[in-house]
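Dear colleague,

Please find the structure below, handed over for your records.

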Amino acid sequence: MNFADSEIVNSIMVEGGMKPVRTPEEASLIFINTCSIRDNAEQKVWNRLNYFRSLKKQRNGDLIVGVLGCMAERLRERFLEREKLVDMVVGPDAYRDIPHLLSEVEDGRKAVNVILSQEETYADITPVRTTGNGVSAFVSVMRGCDNMCSFCVVPFTRGRERSRPVDSVLDEFKLLSEQGYREVTLLGQNVNSYNHEGRNFAELMYRCSLIDPEMRIRFSTSHPKDFPDEFLHVVRERHNVCNYIHIPIQSGNNEVLERMRRTYTREEYLELIEKMRRTIPGVSLSTDIIAGFCGETEEQHRDTLDIMERVEYDLAYMFAYSERERTLAHRKFRDDVPEEVKKRRLAEIIELQQQVASGLNRQEIGRRHIVLVEGTSKRSEDQLSGRTDTNKMVIFDKETLQRGDYVEVEITDCTSATLKATALRKVSLTETAAESVTA
Ligand code: 5AD
Ligand code: SF4
C-alpha cells in the first residue's frame, strides 16, 4: 500500500517540476513513507531519520526531509517538536497538499497536514512508477478501513473506508497494459468491502480481467468475515485472475478472535477455506498470524498451530503482537504475554509454516506451471525468477527468455520458499487457458 502511495507522491512531485534521483545523498528533498502497524516498522523509520539528520548536518541544513504516511498521522507532534528531525509531516490523505506545504517550508516554516478525508482516493492521479520491475504494478482501489480489529492502528492512521470509481481503476489498468505491464495487484485494506455506487469488487475485478487477457490480476487483502461467493466465481472463471487468495486468520482460537474483534469463528473460517478449495481447485492460500495477543494462553496458541496444520497455507506472514496506542486492545486489554513467550510462540508458528510450505513445495516437483518472468534471480545473473499463478517464486535458467515473458516450466526441485524449474517454452496466457479448457 505504501509502495503504491509513494508512486502517487512521485506523480505529484514530477507534476510540480521535480526530478527523481537514485540515492538520498543526491537529493535536495527526501520523503520517507512510513508504516505504524508494528513497533519494529516504526523503529526502522527512526533509524533512517537519524541517517537523514546526519545528511542534513553535512549540508548545513540545506536538505528538506518530510515524513509521510501512518507515522505522520500518529506522531505529528513528536516529529515536529521533540525530535526536530523533519521539516514536513504529511498524513496519507494530504499528499495533494505537498506543493503548498513545500512552499511553507521554503518560507522557513514547518509544514503539517494530517487531515484525514472521507473522500480522497487520488483517483485522478496517475502514479509515476520509477522503482518497480516494469512488469508488476500495484493499483490502489480503496483506502482506509472501517473494521476496527482491536489490535490494529490502521483505522486511526488511514481513516474511513472509501472506494475509488470503477472507471478510474479501469483507465489506469488500460494504461498499464499499454505500457507493457503484465501483472496488476488490486489493493485495499479489505477489498471485499469495495463499493462504488453499488458496484462491488467482483464486478471491478471481472471488468479489469476483460481489458487485457494477457495481464495477470492479483488482489490483496480480504477479510474472512465477508468474503463473497461471487468473487470466488470470478477467480475461477477468468483465466487471468490468479488462483491465489490472501485470507488473514490472525488466530485459530475463538476467544482470541473474539477479543481481536475479528467477527468470525474458527469453524466459519474453516468452512470458508473449504468453499474456496471446492470452488477453485488448486487455489493457493496465504495468511497473516499474530502470536501472543493479549491474554493468549498456551492452549489458545496451540489452536493457532492446529488450524495452520489443517489449512496448510502456501505462505504466511507471521508477527509477534505489538501493542499500538489508541486501539481497543490498548484501551481495554493488558499486553500480558511476556516478550520471550511471544517470541517462542512466534518461532513455533514460523517453524511449522516452514514444514508445511516445504511439504507443499515438494508436491510441486514434476508439475508444470506458467510463470511470469519478473527479472534476474538474486543469486545468479544466468537465472531468472518469476511467480506462478499460485504466487510461488520459481527460479530457472535464463536462456533466451526475458522479463515480462510468460513461460511454461516444469518444477525440478524446491526449498520452503522457492521452486526450481526447467523452462519448457514461451507461451501466451490466452493460449494456455484455451489449452487447459480443451484438456
Ligand atoms: N501487532 C502485530 N501484528 C499486527 N498486524 C496488525 N496489527 C498488528 C499488531 N498490533 C498484522 C496483522 C495484519 C497485518 C497486516 O499486520 O496480521 O493482518
Ligand atoms: Fe487492520 Fe483489521 Fe482493517 Fe486489516 S481489517 S487493516 S487488520 S482493522
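**Burial and overall form**

Of the 439 residues of the protein, 55% count as buried. Please note that this is a predicted model. The accessible surface of the protein comes to about 20,200 Å², and carbon and sulfur atoms account for 47% of that area.

The protein contains 14 helices and 19 strands. Its radius of gyration is 23 Å, close to the 22 Å that the globule rule gives for 439 residues, so the protein is as compact as a globular protein of that length. The C-alpha trace spans about 70 × 55 × 45 Å along its principal axes. Where contacts in the protein are between residues at least 6 apart in sequence, 71% of them join residues at least 24 apart.

**Aromatic pairs**

The count of aromatic pairs comes to 13. One of these is formed by Phe 3 and Phe 138: the ring centres are 5.6 Å apart and the planes stand at 70 degrees, so the pair is edge-to-face, the cut-off being over 60. This pair links distant parts of the chain, with Phe 3 in helix α1 (residues 2-15) and Phe 138 in strand β5 (residues 136-140), 135 residues apart. Phe 3 counts as partly exposed at 38% relative accessibility, and Phe 138 counts as partly exposed at 31%.

Ring pairs also join Tyr 194, Phe 201, Phe 219, Phe 227 and Phe 231 into a cluster.

With kind regards

Terms used: Residues numbered from 1 in each chain as written. Chains lettered and ligands numbered in written order. Predicted model: local features only at pLDDT ≥ 70, side-chain atom pairs only at ≥ 80, totals over all residues. Heavy atoms only, no water. Helix = DSSP H or I, 4+ residues; strand = E, 2+ residues; numbered from the N terminus. Rg over C-alpha atoms; globule rule 2.2 N^0.38 Å. Buried < 20%, exposed > 50% of the residue type's maximum accessible area, 1.4 Å probe, protein only. Contact = heavy atoms within 4.5 Å. Areas by Shrake-Rupley, 256 points an atom, 1.4 Å probe, with all protein chains shown as cover. Phe/Tyr/Trp six-rings, centres within 6.5 Å; stacked < 30°, edge-to-face > 60°.
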